[in-house]
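Here's a quick tour of a few spots in this protein. Have the model open beside you as you read.

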Amino acid sequence: MEGMPYASFMSFATKSLSCSSLSPSSIINPRQKSQKSTLKSVSPRKLVIRASSASSSGSVVTLLDYGAGNVRSLRNAIHYLGFEIEDVQTPKDILNAERLIFPGVGAFASAMDVLLKTGMDEALRTYIKNDRPFLGICLGLQLLFEYSEENGPVNGLGLIPGVVGRFNSSNGFRVPHIGWNALQIAKDSEILEDVGDQHVYFVHSYRAIPSDNNTEWISSTCNYGDDFIASIRRGNVHGVQFHPEKSGDVGLSILRRFLQPNSRGTKKPTQGKASKLAKRVIACLDVRTNDKGDLVVTKGDQYDVRENTKEKEVRNLGKPVELAGQYYKDGADEVSFLNITGFRDFPLGDLPMLQVLRHASENVFVPLTVGGGIRDFTDANGRYYSSLEVASEYFRSGADKISIGSDAVYAAEEYLKTKVKTGKSSLEQISRVYGNQAVVVSIDPRRVYLKSPGDVEFKTIRVTKPGPNGEEYAWYQCTVNGGREGRPIGAYELAKAVGELGAGEILLNCIDCDGQGKGFDIDLIKLISDAVSIPVIASSGAGAVEHFSEVFTKSNASAALAAGIFHRKEVPIQSVKGHLLKEGIEVRI
């Protein structure tokens, strides 16, 4: 993953990997035990703590975690496979490691600054040149190359000839590259032995470029517009651009083979026919707090249902951790948690949601997204919390992506008015620190019919089905606060603006279609997916397997999300994927 440079990485470097990657005023201590409804204090978090049970039995792996982004999922995967973790605190810890994993996240330049200021760069070079067991993940692979064009050129460790460059979006491919793609195995990699023709999960905007000078290192490539290096191997040194900890059983097999060479997993990944980027099927859990203070998964019949009333019923459909685990087993490509009352309350007082993420990430090895209430807050005690603090706590609790709704609308309105990127909005701050691939903007529009396309200043379309009075045109008005308040901005204008402000993905809902089971709003999804160069997730209205094939064949949507039909087991996830395969649409199986 890549993000923009962030000065607080320097404070981390000067304190020898012992404190937060963010400034003290922007970190919430996840080890606080208070169960109060709000958090009253903020203190620096020690991101790197030596494992207390390190042993010499060979069951310990050394982790170079310099504190940027969600590394909890990798930690959980390592523990899941039966290994203990010892964190790097000094360069000597690298040199003494029996096996070393470097899960690089954040920006190339910031990561190199940390390595240089702590002396980790020379320790890594020595360790790798001595052919010691090493696995670099994502940026941990990219840093091995000579230099990167990300905010550069910036020199890397220089162990592999070549350059890391940005994907070219001018050829119609969406950037970031997000999703499940296929590998082309170039040579025996050992750790890739169980991959077969299975998809693995990528999320990045920059990639290492193959050349004659680095051919001997390349163990696999992937195609996204052009070929890029998906993995490297020379001797005991491995690197992967994808995320094995988010690649399901296939990814776990890769980690197991690195941690325990020549081992075979108890569950061999299913053979597939992966050939290109797959369309994603995402399961969404609408979560709220019940009267007992527990988080429950709910689904109403209409978009604006948020709680039980005499007129509207919200059904309790199970607890979120259990359902997330089941969806993972059922084959969901991602799991999304939406705190549907998050716009009302202080989210960092919502400790149950943080606990849900922590527990779900222990057994769910596909990407997790969380949304609801991610914005600046001032609590009842007058303490101010930035949206970056809120998002940071979610990332540290196990989220891979966060979803921003209302706050992104306000930011886009201001940007369109002033044409100035202030860098102060939640969208800009979070994408700058964690990378745009970690930020999803959730758009909640409603259809407004028109007699003439000139009746409004916003982008209009000719609808495939006329309005109630025979209207042939419509625009899509964006809403905030859970669909309760309309705003003077269209979905088209909002999507274009948030893409420029740093969003990496768009979750496109439709108030008119949500809960109806009559299909996605193809007019809306085609409008937005044709307008932006970032991935678009279609949401709202799925009721049958045919609705998924329709949205993928009639629009440029990269993924489709559903909630109610999966909750109620009306349409199993595997039935959706089976249907898509029959229709010639590539999916992960």
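Let's start with what's tucked away in helix 12: Ser 426, Leu 427, Glu 428, Gln 429, Ile 430, Ser 431, Val 433 and Tyr 434 are its buried residues, buried being under 20% relative accessible area, exposed over 50% and partly exposed in between, with a 1.4 Å probe and protein chains only. That's eight of the nine residues in this helix, which spans 426-434. Helices (H or I, at least four residues) and strands (E, at least two) are DSSP runs numbered from the N terminus.

Keep in mind that this is a predicted model, where local features need pLDDT of at least 70, side-chain atom pairs count only at pLDDT 80 or more, and totals for chains, interfaces and linings use all residues. Residues are numbered from 1 along each chain as its sequence is written, and side-chain values use heavy atoms, leaving out hydrogens and water.

The cover over the buried residues of helix 12 includes these elements:

| Element | Residues |
|---|---|
| Helix 10 | 387-396 |
| Strand 22 | 401-404 |
| Helix 11 | 406-418 |
| Strand 23 | 439-443 |
| Helix 13 | 491-501 |

Setting aside neighbours within four places in sequence, Thr 460 is in contact with Leu 450, Pro 453, Ala 474 and Trp 475, contact meaning heavy atoms within 4.5 Å.
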